[in-house]
Amino acid sequence: MTDINPNEPKPIHLGPKYGAQFSDSSVVRAYRHRPPYPDELFVILARLLTDGPYAVLDAGCGSGDLTLGMLDHFPALERLDAVDVSAEMVAAGQKRAGDDDHRVHWQVSPIETGRLTPPYALITAGESLHWMDWSVVMPRFHHALLPGCFLAIAGRHERRSEWSDELLKIVQRYSTNRDFQPYNLIDELSARRLFTAVGQASTLPVTHTQSVDDHIESWHSRNGLSRDRMTSEAADNFDREARELLANGGHKTTVAFDVVGTVTWGLPAN
């Protein structure tokens with residue numbers, strides 16, 4: 001991808017009207033059905049950290065999938081600031097975490113304007129950075145990091161299964177994001193000269209097993225499939241077609257698929 005002006009608007013399918021769906025109540029409820037990040041992903045993140053004690057920022061923490069994993073895997077962690085624009089997502093994360101761990105500080109705010117308490121030894125963004133205002137947050141991250149420390153962009157990806165192609169066709173048929181185009185977040189940031197990747201790593205595949213109902217519901221936590229934005233008829237038809245597809249493949253009650261975690265770490269631009 002050739003260079004792009006850092007202030008060039010993001011692709012329209014990553015714009016605010018689509019990002020706002022992750023504050024929908026139905027998306028928050030469905031989010032718990034996404035597969036967890038593999039434990040190995042937190043081992044990769046831990047290797048990026050300086051000697052403790054240290055502070056970490058989880059930007060766009062959602063309901064806490066990365067936040068809670070880091071609390072479990074980072075013994076030298078002194079403070080973890082978990083920031084998300086959605087009050088319902090943060091409330092779900094707080095409920096999962098309980099009140100016993102004083103290290104995590106939850107905050108409901110856009111990361112573009114939220115109250116940060118740097119310096120941070122690591123900033124993480126898990127399946128959230130693509131919805132942010134890149135020209136604002138990347139300089140914020142640059143100034144919030146300790147010298148030589150990184151922004152780590154984390155993801156979890158379901159490896160291709162025998163139903164993937166047909167399920168994608170069903171998703172495309174019912175998605176409310178009619179502007180969606182395939183994209184690569186790292187390429188988009190790099191082309192705008194907002195991020196310089198330093199390293200990349202993937203976990204070994206981990207098999208995740210869940211009920212068919214939970215797997216179908218997990219899709220309603222994703223871009224374009226919020227139940228709050230679909231008609232009830234469209235949501236019911238999506239569920240029915242997805243269930244029939246899985247049943248025809250022999251998956252009437254449960255499905256099993258491999259999940260791979262990815263981390264790209266690097267330097268946000270000033």
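This is a predicted model: local features need pLDDT of at least 70, side-chain atom pairs count only at pLDDT 80 or more; totals for chains, interfaces and linings use all residues.

Student: How many helices and strands are in the protein chain?

Tutor: The protein chain has 10 helices and eight strands.

Student: What does the radius of gyration say about the protein chain?

Tutor: The idea is to set the value beside that of a compact globule. For 270 residues such a globule would have a radius of gyration near 18 Å, and the protein chain has 19 Å, which agrees. The C-alpha trace spans about 55 × 45 × 35 Å along its principal axes.

Student: What share of the residues count as buried?

Tutor: Buried means under 20% relative accessible area. By that cut-off, 52% of the 270 residues of the protein chain are buried. The chain exposes about 13,000 Å², with carbon and sulfur atoms supplying 50% of that area.

Student: Why is strand 8 described as largely enclosed by the rest of the structure?

Tutor: Strand 8, residues 254-268, is described that way because 11 of its 15 residues are buried.

Student: Which strands are joined to strand 8?

Tutor: Take the partners in sequence order. Strand 5 (residues 145-158) runs antiparallel to strand 8, with eight bridges joining them; there Glu-158 stands opposite Val-259. Strand 6 (residues 195-202) is also antiparallel to strand 8, through seven bridges, and Ser-202 faces Thr-262. Strand 7 (residues 206-211) pairs with strand 8 in the antiparallel sense over six bridges, with Thr-209 opposite Ala-256.

Definitions and conventions
Residues are numbered from 1 along each chain as its sequence is written. Side-chain values use heavy atoms; hydrogens and water are left out. Helices (H or I, at least four residues) and strands (E, at least two) are DSSP runs, numbered from the N terminus. The radius of gyration is taken over C-alpha atoms; the globule rule is 2.2 Å times the number of residues to the power 0.38. Buried means under 20% relative accessible area, exposed over 50%, partly exposed in between (1.4 Å probe, protein chains only). Accessible areas come from the Shrake-Rupley method with a 1.4 Å probe; for residues, only the protein chains shown count as cover. Two strands pair if DSSP finds at least two bridges between them.
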